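This briefing is for a reader new to the structure. The sequence and model come first, followed by notes grouped by topic.

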Amino acid sequence: MTLEKARELLSVQANMGGGYNRNGAKLILAEVQREHGQSAVDGFIREFDLETLFGFTPGTEFKSP
């Protein structure tokens, strides 16, 4: 997944909020982490304020099920 595609998908998740969107965001961040590393994940957490929205903190490792 490209970072631009991840940004687009995370934008939708962040705008909608809610529990299902939190899980969707986790899956997207897991894919970003696998392909682009922790710094990309931390950047998205800050960019979309995912700490406030979903409780994701920079440095959190996300893994796909």
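Asn21 is buried, with a relative accessible area of 14%; buried means under 20% relative accessible area, exposed over 50% and partly exposed in between, with a 1.4 Å probe and protein chains only. The model is a predicted one, in which local features need pLDDT of at least 70 and side-chain atom pairs count only at pLDDT 80 or more, while totals for chains, interfaces and linings use all residues. Residues are numbered from 1 along each chain as its sequence is written, and side-chain values use heavy atoms, with hydrogens and water left out.

**Surroundings of Asn21**

- Asn21 lies in helix H2; helices (H or I, at least four residues) and strands (E, at least two) are DSSP runs, numbered from the N terminus.
- Apart from neighbours within four places in sequence, Asn21 has contact with Gln13, Met16 and Phe54, where contact means heavy atoms within 4.5 Å.

**Helix H1**

- Helix H1 covers residues 3-16, and its 14 residues reach 20 Å from the first C-alpha to the last, close to the 20 Å expected at 1.5 Å a residue; the expected span is 1.5 Å times one less than the number of residues.
- Ala6, Leu10, Gln13 and Ala14 are the buried residues of H1.
- Down the axis of H1, these buried residues fall within an arc of 95 degrees, so they line one face of the helix; the arc is that of the directions from the helix axis to the C-beta atoms.
- Glu4, Asn15 and Met16 are exposed on the other side of H1.
- The cover over the buried residues of H1 includes helices H2 (19-36), H3 (38-47) and H4 (50-54).

**Aromatic rings**

- There are three aromatic pairs, counted when rings of Phe, Tyr and Trp (its six-membered ring) have centres within 6.5 Å; planes under 30 degrees apart are stacked, over 60 edge-to-face and the rest tilted.
- The Phe54 and Phe56 ring centres are 5.6 Å apart and the planes stand at 45 degrees, so this pair is tilted.
- Phe54 is buried at 7% relative accessibility, and Phe56 is buried at 3%.
- One aromatic cluster is formed by Phe54, Phe56 and Phe62.

**Confidence**

- The protein has an average pLDDT of 94, and 100% of the residues score at least 70; pLDDT is the predictor's confidence in each residue, from 0 to 100.
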